[in-house]
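Please look over the points below with the model open beside them.

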Amino acid sequence: MNADYRFSHKHILGLADLSAADIAFILRTADSFKEISQRNIKKVPTLRGRTVINLFFEPSTRTRLSFEVAAKRMSADTFNIGNSGSSTVKGETMVDTARNLAAMNPDCIIIRHARSGSARLLAEHIPASVINAGDGTHEHPSQGLLDLLTVQENKGRIEGLRVAIIGDISHSRVAHSNIIGFSKMGAEVRVSGPATLIPPGIEQLGATVCPTVREAVADADVVMALRIQHERQQDPLLPSLREYATFFGITPAVMAGAKADAIIMHPGPINRGVELDPALADGPRSVILDQVTNGVAVRMALLYLIMGGE
Amino acid sequence: MEARCLINGRLIDPRRGLDGLGGVWLEEGRIKAVFAGPAPAAIPAGVPRIDLGGRWLVPGLIDIHVHLREPGDEHKETIASGALAAAAGGFTAVACMPNTRPVNDCEAVTALIMARAQGAATRIYPVGAISRGSDGESLAPFGEMRRGGAVAVSDDGRPVGNSQLMRRALEYAGNHDLLVISHPEESSLSHHGAMNEGALATRLGLRGIPRVAEEIMVYRDLALAEYTGRPIHIAHVSTREAVDLIRRAKARGGRVTAETAPHYFTLTEEAVGDYDTRAKMNPPLRTADDLAAIRQGLADGTLDAIATDHAPHSALEKEVEFDLAANGIIGLETSVPLTLALVREGVISPARMIELLAANPARILGVSGGTLQEEAPADLTVIDPELSFTYQAETVVSKSRNSPFLGWDLQGRAVLTILAGRATFEAPGQTLWR
């Protein structure tokens, strides 16, 4: 890495804003933090006195807990604001919420929100750092980074790998961040799924669209299944989950076309038997729980890099 | 009322075939004489001369598509404030769309608008709704609205989804000499969309509005107009294929007119940038290819008018998540400078510009004006095509500030607007009107 490199981002709103050098630096930092979570006393004083607010307008178990665990292991004070009982339910606008939170002087706000661009809107109206924990169908950068870390650990590299992402690309912020992140780091990204769930222009994010799952998975090093949401049947984007499982689900037969040592990933929560065969989810190629572990390390790194400066 | 004589202007009146040095003599609010060259000796020496120094002297501009928000949303705009904004943009008449609260779907609302328009800085031509409440279900009382002052009908802002209703509207409008204005949008395709569908929408994670949502409805309404033998006007054309459809309908002799707005020939979807709600409107900003086709359509006569679709919104509706932000931008005060850019780039001539902003709008709506006619009300606009200014929020006359052009350095503007012989606007720093 260039000796002059400095991480200079105040906010983490999307992988589109980060350079390959930024991403590599975050992954290195995260890797160095993994050891903290292995200790008996899983806490370092690095962010003592810092205030982190988890502002989650959408339900979340994994991501919110992961951020909270990450912040606490760095000794930051954390506060959780959920949707029910929050002032938005009472009609407060996002910008007013931001101004009110700003008045309490937090150092970092972690936001999840159903609307694309909401994290940026918050960042424009608050002096604190903002981490996007998922905004609509836009990006989920910490998930993209933890997926990159997981692949790097398992494969020793990212550059030159073939990554297949299968499923609802249109509505998946995870897919968007992963397509951007993997292609920035030199991997080849292929996507496939029902054509109704492949958004126009996805190639410009760095993905190649394959008409069939088998083509996307052929010789892949990494196969990522995305969660398919039941309500897509009503839109109408899908005839049935059964048909989805039959033609787009990741099964042992599909995996036979991938490299022998290909790993299987899923951002969770899994619809077992729909997008991913249960035997694969629990099998030796699955790195799904590594993803969760790495999520804490990546989020510790992000909190450290945007707040631990001085 | 005193008389005045505007001299030494570049007189542009395409309907009369005028484009050259000349002037206009005003008296008692009417045009007494239009003359080429220097002022005739017959004009008494006592009539004050206003030397335009070569600035353009054109028929009062007419905007056939604005939203004045009154009644119901007076925090965004009122008839009075919208008319002042119009005058500041060089307009002497505007047609206001019916999507007020309540909707202008009956004579009482039309009459209220006409009453509030008394003494406004421009003439106000109300457009009535096609359907009651613009709900797309049953016909609004066209005859009564016409009696109240309506000049056209439209459910603008909402498409007429039911093809039978649109057909009946075209047929029935003929009984009352009302123009039907189509807001072309197939809502099953555009529903929940926030910007043009494509790679940029995908990158931003925003639901797209595909171009075909517009084109299907343009085609349907052209087909219905042809089938019923009735004229139709297509509002805010934004795509290449929509321009082509209109071009073909005209070539077949169809009684079709169409408008576009300055933002569609000036901006592309890139203006959305990182969720800038000032670039959110319906139809959405499209691509460079569409922009080129719109310019071509303006140049070759396919598109008949430039209308602003002036749509004021307050920060309440715009300082929110992009998905939730209201559609529309203000446009009255930037229409002339943005259109002048087309003239400078050689896309259209000055005469064509005045056709698009005055002559054709009057013809489309069937109202007076759009040309300089002796004995007609003296509605005139003086344009300085060179005058440069920065469009700034503090100087906006409209009650709202939702414009993507704020901060732009613009060249050329209306410097003097005259309605029935009275100055309704003079640009800051100008001292023409004495």
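1. Buried means under 20% relative accessible area, exposed over 50% and partly exposed in between, with a 1.4 Å probe and protein chains only. Strands (E, at least two residues) and helices (H or I, at least four) are DSSP runs, numbered from the N terminus.

2. Six of the six residues of strand β3 (residues 108-113) of chain A are buried, so the strand is largely enclosed by the rest of the structure.

3. This is a predicted model, in which local features need pLDDT of at least 70 and side-chain atom pairs count only at pLDDT 80 or more, while totals for chains, interfaces and linings use all residues. Residues are numbered from 1 along each chain as its sequence is written, chains are lettered from A and ligands numbered from 1 in the order in which they are written, and side-chain values use heavy atoms, leaving out hydrogens and water.

4. Strand β1 (residues 51-56) of chain A pairs with β3(A) in the parallel sense over five bridges; two strands pair if DSSP finds at least two bridges between them. A:Leu55 stands opposite A:Ile111, and A:Asn54 has A:Ile110 as its bridge partner.

5. Strand β4 (residues 129-135) of chain A runs parallel to β3(A), joined by five bridges. Here A:Cys108 stands opposite A:Ser129.

6. The open sheet has four strands in the order β2-β1-β3-β4 (chain A), with parallel pairing. Its edge strands, β2 (77-81) and β4 of chain A, each pair on one side only.
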